[in-house]
Amino acid sequence: MNPIETIYQHFIKAYKVSTDSRKIEKDAVFFALKGENFDANDFALKVAEDGVASLVVADRKDLPKHERILIVDDALKTLQGLARYHRQHCNAIVLSITGTNGKTTTKELVSAVLAKKYNLIHTQGNLNNHIGMPLTLLSIKPETEIAVVEMGASHPGEIDFLCKIANPDYGLITNIGKAHLEGFGSLEGVIKTKTELYQHIKAHGKAVFVNQGNPMLWEQSEGQTRISYGRHCAADTPVAPAACNPYLSVGWEKHLIQTHLVGSYNFENVAAAIGVGHYFKVEDDKIVEALEAYTPTNSRSQVIDTAHNHIIMDAYNANPTSMRAAIINFANICGEQHLLILGDMRELGSASEEEHRNILGLMKELGFRAAFLVGQNFCAYNDNPDWLTFNKVENLCQHLESRQINGKTILIKGSHSVQLEKVLPLL
C-alpha cells in the first residue's frame, strides 16, 4: 500500500485533516507543514503522543519512530496528493471559481444560492492557494453533492496546477484584469494563467459559466461547452443622497433583488450566482432569498456606520481594476461630504508608477477634494496639496488620533498588506 492509500484509510475515519497543532479534532490526520517562520515537525511527536490525531504526516527524518507518525519526503506534496486522491474517489460535483476581482464574493454568493438545494461545501475565507485549496477538497464528505472551490494565483501555471488537483467539472472566471503583475509579468500572463481553468475544463470537465457581457472571456471560452449568464439581469444602484445609500439592486426576470453589496461593480458577481443557481435548478424564489440575505464580511465591500461616519470598507485587497471601479462607484453615490482613504496597490512590478498615477488622475478627474493616501507609491506620485499622504498606516492613525473626523462618507480601499483596517476604530 503506497503512503497516500495508507493516509486515506486514516482520513476516511472522520474526513478531517489539520495543519494546526493547536486545533486538532479527534481522528483527524495532522500534516506537519513548514513555512518561512515555523516548522510543524517540531510538534509532530507531541501531537502523536496526545492521541487525538489518527495519523501524523511529517517529513523530518530525525523524528523518533512512533506508531502514529508516518514519515514522507514532502508533507505539503503529500497533502496535495491526498486531496487529488480524495477527489478521484468522491462523487461531489466540483465547481471552480477564479478571476482577478470578485472571486471570493462570487464564491460566497454562488454557495449561498446552491445551499438552498444541495448539500454543499465551499472554500472558507480565502483559502484558495496550493495549501488552502487541498484543504477545501478534503472537507468533501460522502454526503456532499457540490463543492464550490475558489482558486487564486499570482504566478504563471498556478491555476493549471490547482486544476490537476481539483479536476473541476465546471469552471467560472469572474473577470481578468491587472493584478499580481509582478508575478505574472504582464496582463497577457494573467490572461494565460486564469484561462488555464477553461483549458482544463475543455479537456476534462463538462462546461464553463461565462458572462456574455465580457468580450474577453467570451472570446477566450470559444470552442468549448459554455453556459452564458448576465443577459437577463440589469444593475441599478439606487442613489439616496441623504443616507448615501450605496447598495446594489439587480433586476432579474420579474424580480428586483435588493442586495447588501456595495456598488454596481458587484453586479457581475450577483449575475454569476443567478446563472449558476438557475443552471442547477435552484428555484427562482430561493435564489432571490439567498442573494438578499447575504451580507459581506472581512472588509469586502462592508458598509459600517460608526458614531461619527458612514464607511464603505473595501480594504481586503486592491488592484487597478478594482480600485478604479470602487472610486467611480463612490463618486456616483456620495455627495459633498465624502472622503477617500486609499492605500497602495501592491505587486504591480514595473507598472506600479503608471497605475498609481492613473488612480490619482481619476481622483482629480472626478473632483475629489478630500483624501488620505497611504503608502510609498501614493506618497511619491501625489501632487495635490489637498490630499494628505502617509508612508504607513500608523502615521495616518496618529493623524486621526489628533483630529476627529465627523459627518463624512468614507471609502477605505487598499491592498491588504497596507492594513487600512487599523483606522476603523478612529473613525
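Predicted model: local features only at pLDDT ≥ 70, side-chain atom pairs only at ≥ 80, totals over all residues.

Reader: Where is N167, and what is its phi near?

Author: N167 sits in the loop between helix 6 (158-166) and strand 8. Its phi is near 45°, a positive value in a residue other than glycine. Y15 is another such case, with phi near 55°. That residue is in the loop between helix 1 and strand 1, and Y15 is partly exposed at 22% relative accessible area. As for the names, helices (H or I, at least four residues) and strands (E, at least two) are DSSP runs, numbered from the N terminus.

Reader: Okay, sheets next. In what order do the six strands of the open sheet come?

Author: The general idea is that strands of a sheet pair through backbone hydrogen bonds, either parallel or antiparallel. Here, two strands count as paired if DSSP finds at least two bridges between them. The six strands run in the order 6-7-5-8-9-10, with parallel pairing. Strand 6 (120-122) and strand 10 (226-229) are at the edges with a single partner strand each, so one side of each has no neighbour in the sheet. On average, neighbouring strands of this sheet are turned by 20° against each other, direction ignored.

Reader: Which helix packs on that sheet?

Author: Helix 11 (residues 267-279) does, touching strand 5, strand 8, strand 9 (207-211) and strand 10. Touching, or contact, means heavy atoms within 4.5 Å. The direction of helix 11 makes about 130° with that of strand 10. For such angles, axes are lines fitted to C-alpha atoms, for helices over the stretch in contact, and the values run from 0 to 180 degrees between N-to-C directions. Inside the sheet, strand 5 (residues 93-98) is joined to strand 8 (residues 170-173) by four bridges, and I97 has L172 as its bridge partner.

Reader: What about the four-strand sheet: what is its order?

Author: That open sheet goes 1-2-3-4, with parallel pairing. Strand 1 (17-18) and strand 4 (69-71) are the edge strands, each pairing on one side only. Helix 1 (residues 3-11) lies across strand 1, strand 2 (29-31), strand 3 and strand 4, at about 130° to strand 2. Helix 3 (residues 75-89) lies across strand 1, strand 2 and strand 3, at about 140° to strand 2.

Reader: Which way do the residues of strand 3 point?

Author: In a regular strand the side chains alternate between the two faces of the sheet. In strand 3, L55 and V57 point one way and V56 and A58 the other, and all are buried. V57 is also the bridge partner of L70 in strand 4, while V56 partners F30.

Reader: How many residues of helix 4 are buried?

Author: Ten of its twelve residues, so to speak mostly covered; among them are K103, T104 and L114. The side chain of N101 makes a polar contact of 2.7 Å with the side chain of N319. A polar contact is a pair of N or O atoms within 3.5 Å; within protein, one must be able to donate a hydrogen and the other to accept it, and residues adjacent in sequence count only if both atoms are side-chain atoms.

Reader: Last one: which residues have the most contacts inside the largest nonpolar core?

Author: F31, M133 and L137, in a core of 42 residues. A nonpolar core is a set of buried Ala, Val, Leu, Ile, Met, Phe, Trp, Tyr and Cys residues joined through side-chain atoms within 4.5 Å. A second, separate core has 35 residues, including L114 and F267.

Conventions: Residues numbered from 1 in each chain as written. Heavy atoms only, no water. Buried < 20%, exposed > 50% of the residue type's maximum accessible area, 1.4 Å probe, protein only.
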